[in-house]
Amino acid sequence: IDVQYVREILAQLGTELNIDRTRVYATGLSAGGGLCFELAMEAPDLIAAVAVAAGLPFQPAGDWCWNCNVNPDCGKVPIAMLAATADPFIAYEPGGSIQYPSAIYPGMEQTRDAWLSAMGISGSPTFESFPDTVNSDSYEPQSGLTNSYIELYKYPPGSLGSEFWYYKAVGAGHWWPNPTQ
């Protein structure tokens, strides 16, 4: 239903605006991030790339595929994924989260690996750690931590031609990476 709704929005906008269909991107936080994964799975013809922030960890195969109609071309959609290690809502590790202890999340690294497989990516990533230049940026009431920092793992293009960038937000919680909430 959500994917069809996005299709309808773009179709309507296309009657009013000149849309470059090769430059339609989706980004979202939490359930919106999950929708981005869903768009990559079901509508690779519609989306040029997705950026997921602390998103529901939908995967192109297995239990976390849910009821998605996975398109065989889903691995062609480039993905930037931000996963927060201190997220109280969507657990970084497999299992429940602080807010949803009975949830059975697959884990963020497992979600990354499922997408890497679907994208035909097998090479090692390059690694970059961004300096922690802002103190008290992890929103302590949620994370219990005072600082956070970002590690970036850039994977090479896979056999389907797309890249996967994995941002590990160490000490961050469930929000956009920004020191001001």
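Predicted model: local features only at pLDDT ≥ 70, side-chain atom pairs only at ≥ 80, totals over all residues.
Contact here means heavy atoms within 4.5 Å.

**Entry: Leu 56**

I started with a loop residue. Leu 56 sits in the loop that links S2 and S3. Which residues is Leu 56 in contact with, leaving aside its neighbours within four places in sequence? I found Ser 30, Ala 31, Gly 34, Phe 37, Ile 90 and Tyr 105. Buried would need under 20% relative accessible area. Leu 56 has 23% relative accessibility, so I put it down as partly exposed. I also checked Leu 56 against Ser 162, which is 106 residues away along the chain: their C-alpha atoms are 21 Å apart.

**Entry: the sheet**

Next I traced the strands. There are six of them in an open sheet, and I read the order as S1-S2-S3-S6-S5-S4, with mixed pairing. Which strands stand at the edges? They are S1 (25–29) and S4 (126–129); each has a single partner strand, so one side of each has no neighbour in the sheet. On average, neighbouring strands are turned by 10 degrees against each other, direction ignored.

I then looked at one pair. S5 (residues 149–155) and S6 (residues 164–170) run antiparallel to each other, with seven bridges between them. Lys 154 is opposite Trp 165 of S6.

**Entry: helices on the sheet**

Helix H3, residues 108–118, packs on the sheet and touches S3, S5 and S6. I get about 175 degrees between the direction of H3 and that of S6. Helix H2, residues 31–42, lies across S1, S2 (49–53) and S3 (79–84). Its angle to S1 is about 145 degrees.

**Entry: helix H1**

I picked two residues here. Val 3 is in H1, which covers residues 2–16. Is Val 3 buried or exposed? Its relative accessible area is 5%, so I call Val 3 buried. Not counting residues up to four places away in sequence, Val 3 touches Glu 38, Leu 39, Glu 42 and Ala 43. I also looked up Pro 44, 41 residues from Val 3 along the chain; the two C-alpha atoms are separated by 11 Å.

At 34% relative accessibility, Ile 9 goes down as partly exposed.

Conventions
Residues numbered from 1 in each chain as written. Heavy atoms only, no water. Helix = DSSP H or I, 4+ residues; strand = E, 2+ residues; numbered from the N terminus. Buried < 20%, exposed > 50% of the residue type's maximum accessible area, 1.4 Å probe, protein only. Pairing = 2+ DSSP bridges. Axes fitted to C-alpha atoms, helices over the stretch in contact; angles between N-to-C directions.
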